[in-house]
Amino acid sequence: MRKLILAAGTVLVAGAMLVGCSAAQTDGSPGTSNGPADQDTKAELTYAVWDQNQVAAIKANLEGFNESYPNISVNVDVTPYGDYWTKLQTQASSDTLPDLFWMNGPNFQLYASNDKLEPIRSQVKSGEIDPANYPESLVKMYSFDGVQYGVPKDFDTIGVWVNKALFARAGVDLPEPGWSWDDFQRIGAEISQKLKADGDYGAAAGMDGQTTYYNTILQAGGEVITADGTKSGYDSAAAAAGIQFWTDLIDSGASPTMAQLTETTADQWFLSGKLAMYQGGDWFRAALVGTDLEKDVVAVPLPKGKVQATVIHGVSNVVAAGSRNKAAAQALQSYLAGKQAQQQQGDLGAIIPAFHDTQQGFVASMPDADLQIFLDELEYAQPLPISKNTAAWNALETKHLGDAFSGSAPVATVLKELASQMDEALAKE
């Protein structure tokens with residue numbers, strides 16, 4: 001899902017608020033329920049999500065769910081992404097979380113460590129949910145202190161969306177398989193120069209780590225955070241190379257300036273037909289389908305740096321530990337994690353479902369765009385960097401990296417200070 005890194009910033013205060021909360025008061029103890037739901041179970045559930053584009057597919061899933069559980073009604077509560085985490089924070093503090101709700105990687109450990117989420121032990125033990133059916137890196141993302149709280153319902157990888165019409169107008173060949181960082185920089189600069197009179201650009205930088213600089217740091221052989229989550233990876237030559245990739249793109253004129261991108265984001269540049277290459281996630285498909293631009297767009301894999309890499313992330317359905325309808329909520333959680341529901345989600349093109357071998361419907365939903373590349377990138381995908389309080393150092397990235405992207409301070413200087421402050425934040429977790 002888009003803007004995961006920025007959204008985590010809304011939980012900066014939540015850490016203190018959640019820590020101050022008592023353990024969830026439930027009809028059973030945390031980690032248990034009063035037994036599995038059966039066909040006669042009666043309940044009214046609230047299922048909280050943030051993406052209106054997925055509601056049609058969710059309602060289709062619920063029709064299937066109600067064939068087995070006709071007396072469980074589900075209210076789908078959609079809150080726009082910008083308000084979702086603030087609302088969830090308030091609900092967590094008052095033990096009024098929705099029965100089932102979407103959780104992302106950057107916020108997961110905060111909620112799990114404060115006993116706000118119900119483990120899936122019973123579903124795994126019964127075979128209702130088999131973690132082996134999903135990408136291993138994302139299954140691990142929703143495990144905390146050896147306890148599994150959910151499995152991914154979908155996954156996102158990052159590719160380059162290409163406007164073929166702008167390439168043709170500039171007389172530039174489309175990127176070829178196996179292209180490199182140098183190719184990306186060269187193509188971006190060439191298109192910007194040839195279409196300068198029209199105000200069009202070849203590519204765009206940006207400060208969304210998931211879609212831009214996390215990928216190039218990984219491709220340079222670096223890391224954003226150490227595997228044990230205790231140290232920053234920013235104070236390294238590889239991290240500097242990953243950030244320099246984007247500052248070079250701006251300096252060459254291949255990309256709009258940071259001031260321009262602050263006023264109009266990279267995705268909007270692309271949607272308005274003014275950008276030839278937009279590095280973004282598979283979710284961008286939803287913004288393209290049905291537009292005049294759709295026929296001119298194709299997706300290509302990320303260019304290769306020292307190594308081939310892309311960030312991967314996926315959202316999970318989690319049950320509130322304090323749910324008064326826990327058995328019913330767990331039944332819905334298990335159903336949505338199953339192959340039938342996942343296949344339906346993919347066939348409707350809403351997401352790339354996480355369940356193995358259910359993704360071809362997503363690929364077929366935009367047949368001329370080669371969406372298969374987002375699946376092929378699983379081979380070298382690396383998990384979105386997170387920790388127990390991801391929001392704390394996400395805020396530091398926002399605070400410091402702007403100086404590097406704008407050119408107001410050298411990359412090495414910015415990263416040294418960022419790494420130092422990030423280490424301090426991680427030490428407090």
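Author: Let us go through a few of these words together. This is a predicted model, in which local features need pLDDT of at least 70 and side-chain atom pairs count only at pLDDT 80 or more, while totals for chains, interfaces and linings use all residues. Residues are numbered from 1 along each chain as its sequence is written, and side-chain values use heavy atoms, leaving out hydrogens and water.

Reader: Why is D200 called buried?

Author: Buried means under 20% relative accessible area, exposed over 50%, and partly exposed in between (1.4 Å probe, protein chains only). D200 has 3%, so D200 is buried.

Reader: What makes R169 partly exposed?

Author: R169 has a relative accessible area of 45%, so R169 counts as partly exposed.

Reader: How do you know that R169 and D200 meet in a salt bridge?

Author: A salt bridge needs a side-chain nitrogen of Lys or Arg within 4 Å of a carboxyl oxygen of Asp or Glu. For R169 and D200 the N to O distance is 2.9 Å, which meets that rule. The pair ties together parts that are 31 residues apart in sequence, because R169 lies in helix 8 and D200 in the loop between helix 9 and helix 10. Helices here are DSSP runs (H or I, at least four residues), as are strands (E, at least two), numbered from the N terminus.

Reader: Which residues are linked with these two in a network?

Author: D198 and K274 join R169 and D200 in a network of salt bridges. K274 meets D200 at 2.8 Å, N to O.
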